[in-house]
Amino acid sequence: SNENTLITNDKGHYSIISLPEWTVKNDGVTTKISKTKYYGTDYVTGTVTITEGLTDYKTLDETFDTYLSQFQYAFKDFRKINEGRTQINGLPTRWFRMTDNVEGTTYETVQYVIQLTSDKVFLLNCSATKDKYTDFEE
């Protein structure tokens with residue numbers, strides 16, 4: 001489609017606007033939006049994954065620090081590039097940008113953490129190969 005599309009995830013209790021030419025898959029409370037770009041005979045797929053989760057931490061900073069440490073533990077070649085604060089739809093949000101190597105390919109990811117309530121959090125994970133990541137920053 002060449003138009004923005006409103007995607008509603010009833011199980012996850014959220015909606016998001018998908019940009020033109022991005023494919024959307026809902027799987028329970030997770031929504032995955034992806035787009036493939038071709039470079040001659042090669043191609044790269046960029047993805048945005050939105051997940052609703054529960055947290056035992058009462059503040060955005062505590063939740064963020066926990067997710068950051070989990071990523072550092074889970075990804076063998078984890079390298080944090082930077083981190084910051086922003087707002088998404090008026091909600092305080094923390095994010096970090098990282099790289100990781102999977103089977104010889106380096107991926108760049110930005111992970112956003114949005115704490116909605118004292119026990120509910122949204123995670124947005126944006127990822128593509130490092131050399132093409134900026135091609136997906138639409």
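Mentor: One term to begin with: a contact means heavy atoms within 4.5 Å.

Trainee: Good. Which residues is Lys25 in contact with, leaving aside its neighbours within four places in sequence?
Mentor: Thr30, Thr31 and Lys32 are the contacts of Lys25 once neighbours within four places in sequence are left aside.

Trainee: What should I know about the model itself?
Mentor: It is a predicted model, where local features need pLDDT of at least 70, side-chain atom pairs count only at pLDDT 80 or more, and totals for chains, interfaces and linings use all residues. Residues are numbered from 1 along each chain as its sequence is written, and side-chain values use heavy atoms, with hydrogens and water left out.

Trainee: Back to Lys25. Where is it found?
Mentor: Lys25 is in strand 3, residues 23–27. Helices (H or I, at least four residues) and strands (E, at least two) are DSSP runs, numbered from the N terminus.

Trainee: Is Lys25 buried or exposed?
Mentor: Lys25 counts as exposed, because its relative accessibility is 59%. The cut-offs are under 20% relative accessible area for buried, over 50% for exposed, and partly exposed in between, with a 1.4 Å probe and protein chains only.

Trainee: How far apart in space are Lys25 and Thr49?
Mentor: C-alpha to C-alpha, Lys25 and Thr49 are 9.6 Å apart. In sequence, 24 residues separate them.

Trainee: Next, strand 3 and strand 4. In which sense do they pair?
Mentor: Antiparallel, over five bridges, with strand 4 covering residues 30–39. Two strands pair if DSSP finds at least two bridges between them. Val24 stands opposite Ile33 of strand 4.

Trainee: What does the turn there look like?
Mentor: Strand 3 and strand 4 make a hairpin with two residues between them. Gly28 sits in that turn, with a positive phi of about 70 degrees.

Trainee: And how many bridges join strand 4 to strand 5?
Mentor: Ten, and the two run antiparallel; strand 5 is residues 42–54. Lys37 has Val44 in strand 5 as its bridge partner. This hairpin has two residues between its strands, and Gly40 in the turn shows a positive phi of about 65 degrees.

Trainee: Let's zoom out. How many helices and strands are there in the protein?
Mentor: One helix and nine strands. From the N terminus on, the order is β-β-β-β-β-α-β-β-β-β.

Trainee: Why call the protein as compact as a globular protein of its length?
Mentor: Because its radius of gyration is 15 Å, close to the 14 Å that the globule rule gives for 138 residues. That radius is taken over C-alpha atoms, and the rule is 2.2 Å times the number of residues to the power 0.38. The C-alpha trace spans about 50 × 35 × 25 Å along its principal axes.

Trainee: What share of the residues counts as buried?
Mentor: 38% of the 138 residues. As for contacts with a separation of 6 or more, residues 24 or more positions apart account for 36% of them.

Trainee: What about strand 7 and strand 8?
Mentor: Ten bridges join them, again antiparallel, with strand 8 at residues 105–115. Asn101 faces Thr106 of strand 8. Two residues lie between the strands of this hairpin.

Trainee: Where is Glu21 found?
Mentor: In the loop between strand 2 (14–18) and strand 3. Glu21 has a positive phi of about 70 degrees although it is not a glycine. Glu21 is partly exposed, because its relative accessibility is 49%.

Trainee: Last one, Thr105. What is it in contact with beyond four places in sequence?
Mentor: Asp100 and Thr129. Thr105 is in strand 8 and is partly exposed, with a relative accessible area of 30%. Thr105 and Ile33 are 21 Å apart in space, C-alpha to C-alpha, and 72 residues apart in sequence.
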